[in-house]
Amino acid sequence: MLAGEFGQPVKRAIEYLIKLGEFFGAEEFVDIRSCWQDCSFAMHHEVGLQLVEELAAQGGKFRAIAIMGPCDMPEWWQEIGQREEDAKKTFRLIEAYKKLGGYLAYTCISEECIELPAFGEHCHWGGSNLAIYVNSVLGARTNVAGVGTGLMCAITGKTPKFGLHLDENRLGKVLVQVDVELKSLTDWDALGYYVGMQLREYGMIPVFQGLPKNILEGARRRLDGALMAYGTMGMYHIVGSTPEAPTLRDAFGGRKPLKELVVTRENLDAMYNYFPVKDKKIDLVIIGCPQTEVDEIALIADMLKGRRIHPDVAFWINTTPKFKHLIEEMGYAKIIEDAGGRITYRACVLWMTPRYLAEKLGYRRVLTPDIKYAHYLVGYGMQPVFRPIPVCIESAIAGELRG
Amino acid sequence: MKKIILRGRGTTGKAEGVALVSRESMSFFSDVDYRTGKVVSEVHDLYGKSVKDTILVFRSAKGGTGTAMRIPEMARIGTAPRGIINQVANPPVVEAAIMGGIPLVDRLDQDPIEVIETGDYVRIDADAGIVEVEKR
């Protein structure tokens, strides 16, 4: 590859991956069958857009199956005042990725991706909540990384073997005893966020004890997303549930935990108050970070049936295009749209120029049942509040926070 | 003039310039405005300073994968530091440094935050993992 026999893009990509691997002491490359790759201008910036376009123009083709994440522009970008110049950049990036052979799946929830890696398989699913799912739930192996690494792995079909690709780095480090019954879906956000906040150093893999063996995907996406908002662990174990942790001993590889945490109801309640209410009025309700599962949409449709969202409140749900047929067929889309809400099957609010939305378009006071949204939107000049789903729905109808 | 040599782990390339030293971690998402290179977080110890064209010394990068293209974008528009020295570099900042062509070193044999002061003249040879500090 280095000699250029596979073309300029592959040569360039392998040169980058060698530098990255050498820095982290990787001794070899592993072949990968699949990648998950971000598809947003927000994460790429102009420099990333130019790079992707250049590689596409040089005839680059992905050697691994590349599943693309959500983009910046919802189907209704013009209706909510998004700028043409921003939309153009998004569409250029999408075109370039399509040319490289990326699948425009617009998804950020792992189980809805096209090609799932198997137990023990090496892959490169660098996005934070994708990586944590792949490592923890599937027992496949990936590092967490940014868009540059993802791009280069997809082009070469290889990744340097370091970090979470190696057995010794996958063992649990911190014992998390969950001494609280998780009553609502958003309690899983609160749990993940609280634990992630305590484990900000790289490699601090938590081992949960006291969680149920089988977890609804609607709860799972919340735990995954919230753990990675602050956290950088890229992986967790649940004793008796996830594949590398049949027992506590397996999870820690026979070693002692470096630290122990006990999570109580008090800790979770504190997360609901972590984002202070400055103003009861609401401009925007958003759901879907990571993307909303279909059973959550069913629940939301049930609560919205025959009712109207307050005219001053924008109500946006982000989900994956793979659910579109089901959401329409079941009548959920019509109920939500009749109530005044919007669904996007491709865009994430985090990428939808949130600073511009807040400062220029007045979407400032945001209510969300997804703590990862709340976490990131603070940095864009928004005032997020995190509440359970029923509170979000009732507040959207009332036009102000109810509960 | 007193010279100090530090040895550690590096990416690739060489850089030199005047040091700007933080005793804290740094987020290229929320602490720094990438468009100007200014530190905009009021609670950060470099608040109001510019990282542009400096040899930037800090503990470690905060934040996740979003860092990875922010630093190359800063390099493209000319607001990036010339070199980065960390106590321990995290994967996103290493990715960012390689992508942006900014030499980075970490895991030095002495704590860079203790040895290097703002205003010192610093040369980085990232291929060799060597930092040369000329005290001002």
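Two strands pair if DSSP finds at least two bridges between them. Keep that in mind as you explore this predicted model, where I287(A) stands opposite I317(A) in β11(A). Five bridges join β10(A) to β11(A), and these two strands run parallel.

**The five-stranded sheet of chain A**
- β10(A) and β11(A) belong to an open sheet of five strands, in the order β12-β11-β10-β13-β14, with parallel pairing.
- At the edges you will find β12 (342-344) and β14 (383-386) of chain A, each of which pairs on one side only.
- On average, neighbouring strands of this sheet are turned by 25 degrees against each other, if direction is ignored.
- Strand β11 (residues 314-319) of chain A is also joined to β12(A), through three bridges, and the two run parallel.
- One place to look for this link is N318(A), whose bridge partner in β12(A) is T344(A).
- Helix α15 (residues 389-398) of chain A packs on the sheet and touches β10 (284-292), β11 and β13 (365-368) of chain A.
- The direction of α15(A) makes about 140 degrees with that of β13(A).

**A closer look at β11(A)**
- Is β11(A) mostly covered or mostly open? It is mostly covered, as six of its six residues are buried.
- In a regular strand the side chains alternate between the two faces of the sheet.
- On one side of β11(A) are A314(A), W316(A) and N318(A), and on the other are F315(A), I317(A) and T319(A); all of these are buried, and both faces are covered.

**The four-stranded sheet of chain A**
- Another open sheet has four strands in the order β8-β7-β6-β9, again with parallel pairing.
- Its edge strands are β8 (237-238) and β9 (259-263) of chain A, and each pairs on one side only.
- Strand β6 (residues 174-178) of chain A runs parallel to β9(A), and five bridges join them.
- Within this pair, V174(A) stands opposite K259(A) in β9(A).
- α6(A) packs on the sheet by touching β6, β7 (206-209) and β9 of chain A, and its direction makes about 155 degrees with that of β9(A).

**Domains of chain A**
- Chain A is divided into domain 1 (8-167), domain 2 (171-272) and domain 3 (284-398).
- The centres of domain 2 and domain 3 of chain A, taken over C-alpha atoms, are separated by 26 Å.
- Where these two domains of chain A touch, domain 2 contributes 16 residues and domain 3 contributes 14 residues.
- On the domain 2 side, the elements giving two or more residues are α6 (185-198), α7 (217-230) and α9 (265-272) of chain A.
- Which of these elements gives the most? α7(A) does, with seven residues.
- By class, that side of domain 2 of chain A has eight nonpolar, four polar and four charged residues.

**Where chain A meets chain B**
- 24 residues of chain A are in contact with 23 residues of chain B.
- On the chain A side, α1 (8-23), α2 (41-57) and α5 (147-156) of chain A each give two or more residues.
- α2(A) supplies the largest share of that side, six residues.
- The chain A side divides into 10 nonpolar, 12 polar and two charged residues.

**The largest nonpolar core**
- This core has 179 residues, and those touching the most other members are C35(A), L191(A), V207(A), V285(A), I336(A), V57(B) and A97(B).
- Leaving aside neighbours within four places in sequence, V285(A) is in contact with V313(A), F315(A), L367(A), T368(A), C392(A) and A396(A).

Technical notes. Residues are numbered from 1 along each chain as its sequence is written. Chains are lettered from A and ligands numbered from 1 in the order in which they are written. This is a predicted model: local features need pLDDT of at least 70, side-chain atom pairs count only at pLDDT 80 or more; totals for chains, interfaces and linings use all residues. A nonpolar core is a set of buried Ala, Val, Leu, Ile, Met, Phe, Trp, Tyr and Cys residues joined through C-beta atoms within 7 Å. A residue is buried if 20 or more other C-beta atoms lie within 10 Å of its own, exposed if 12 or fewer, and partly exposed in between; C-beta atoms are placed from the backbone. Two residues are in contact if their C-beta atoms, placed from the backbone, lie within 7 Å. Ala, Val, Leu, Ile, Met, Phe, Trp, Tyr, Cys and Pro count as nonpolar, Asp, Glu, Lys and Arg as charged, and the others, Gly among them, as polar. Domain bounds come from an automatic or database domain assignment. Axes are lines fitted to C-alpha atoms, for helices over the stretch in contact, and angles run from 0 to 180 degrees between N-to-C directions.
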